[in-house]
Amino acid sequence: MTEAEQEKAPDLNALEQEGEIAADYVEGLLDIADIDGDIDMDVEGDRALVSVVGVKGAELVGPGGEVLEALQELTRLAVHRQTGERSRLMLDVAGYRERRRAELTKLGTEVANEVKERGEPKPLQPMTPFERKIVHDAVAAAGLRSESEGEEPHRYVVVLPA
């Protein structure tokens with residue numbers, strides 16, 4: 001591995017530490033809210049992944065994942081406070097992100113096919129950065145390109161014809 005590759009390679013120990021800090025923080029939140037759930041930790045690519053499993057109800061996800069996004073940001077701040085490093089940690093609750101990933105991949109593929117047929121750009125609804133990335137990847141896999149437009153929190157994907 002070259003020196004440049006080593007610098008780009010994620011530090012597994014640091015990511016595991018992020019996951020542990022995040023898991024402790026989320027566990028504390030669950031205790032305060034008196035919500036039963038188990039915590040799973042993993043490293044996926046270049047980010048720590050913390051999942052809350054075994055929770056009943058959607059109060060930790062909220063409409064459109066809004067509560068989950070807020071919890072993720074709070075958890076990232078807790079990690080930053082302890083490590084001094086910006087965290088790209090991903091928080092999931094009850095498999096919401098995986099289900100959403102499947103939905104958005106399907107959407108991206110369907111819209112790409114529609115744009116191929118009609119030859120006209122198609123804007124989508126505003127999405128979070130996580131959601132936009134999934135759509136961009138699905139559109140690219142379908143052989144088209146896409147761009148993000150607008151300002152947060154109203155930033156959205158536009159699928160462009162070839």
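**Figure 1. Overview of the predicted chain.** Of the 162 residues of the chain, 35% count as buried. Please keep in mind as you look around that this is a predicted model. The chain holds 5 helices and 6 strands, and reading along the sequence gives the pattern α-α-β-β-α-β-α-β-α-β-β. Its C-alpha trace spans about 50 × 45 × 25 Å along the principal axes. If we take the contacts between residues at least 6 apart in sequence, 56% of them join residues at least 24 apart.

**Figure 2. The largest nonpolar core and its contributors.** Which residues touch the most other members of this core? They are Leu30, Val52, Val55, Leu60, Leu91 and Val93, out of 18 residues in the core. Two or more residues each come from α2 (12–33), β2 (47–53), α3 (66–83) and β3 (90–93). The largest share, 4 residues, is given by α2. A second, separate core has 16 residues, including Val111, Leu124, Phe130 and Val157. As background, nonpolar side chains in soluble globular proteins tend to be buried together.

**Figure 3. Close-up of leucine 91.** With neighbours within four places in sequence left aside, what is leucine 91 in contact with? Its partners are Val26, Val50, Val52, Leu68, Leu71, Gln72, Thr75 and Arg97. Two of these, Leu68 and Leu71, are also among the buried residues of α3. Leu91 itself is one of the core members that touch the most others.

Figure 4. The 18 residues of α3 reach 26 Å from the first C-alpha to the last, close to the 26 Å expected at 1.5 Å a residue. Buried along this helix are Leu68, Leu71, Gln72, Thr75, Arg76, Ala78 and Val79. Seen down the axis of α3, these buried residues fall within an arc of 160°, so they line one face of the helix. A handy reminder here is that an α-helix has 3.6 residues a turn, so residues three or four places apart point the same way. The buried residues of α3 pack against α2, β2, β3 and α4 (96–118). On the face turned away from the buried side you will find the exposed residues Glu66, Leu77 and Arg81. Just after the helix, glycine 84 takes a positive phi of about 80°.

Figure 5. Between β2 and β3 the pairing is parallel, over 4 bridges, and methionine 90 in β3 is the bridge partner of leucine 49.

**Figure 6. Helix α5 and what covers it.** How many residues does helix α5 (residues 129–141) have, and how far apart are its end C-alpha atoms? There are 13 residues, which should span 18 Å at 1.5 Å a residue, and the end C-alpha atoms are 18 Å apart, which agrees. The buried residues of α5 are Phe130, Glu131, Arg132, Ile134, Val135, Ala138 and Val139. Their cover includes β3, α4, β4 (122–126), β5 (145–149) and β6 (156–160). After the helix comes glycine 143, with a positive phi near 90°.

Figure 7. Strand β6 is mostly covered, with 4 of its 5 residues buried. β4 runs antiparallel to β6 and is joined to it by 3 bridges; proline 123 stands opposite valine 158 in β6. The pairing of β5 with β6 is also antiparallel, over 5 bridges, and here arginine 145 stands opposite leucine 160. The hairpin of β5 and β6 has 6 residues between the strands, and in this hairpin glycine 150 takes a positive phi near 90°.

Terms used:
Residues are numbered from 1 along each chain as its sequence is written. This is a predicted model: local features need pLDDT of at least 70, side-chain atom pairs count only at pLDDT 80 or more; totals for chains, interfaces and linings use all residues. Side-chain values use heavy atoms; hydrogens and water are left out. A nonpolar core is a set of buried Ala, Val, Leu, Ile, Met, Phe, Trp, Tyr and Cys residues joined through side-chain atoms within 4.5 Å. Buried means under 20% relative accessible area, exposed over 50%, partly exposed in between (1.4 Å probe, protein chains only). Contact means heavy atoms within 4.5 Å. The expected span of a helix is 1.5 Å times one less than its number of residues. The arc is that of the directions from the helix axis to the C-beta atoms. Two strands pair if DSSP finds at least two bridges between them.
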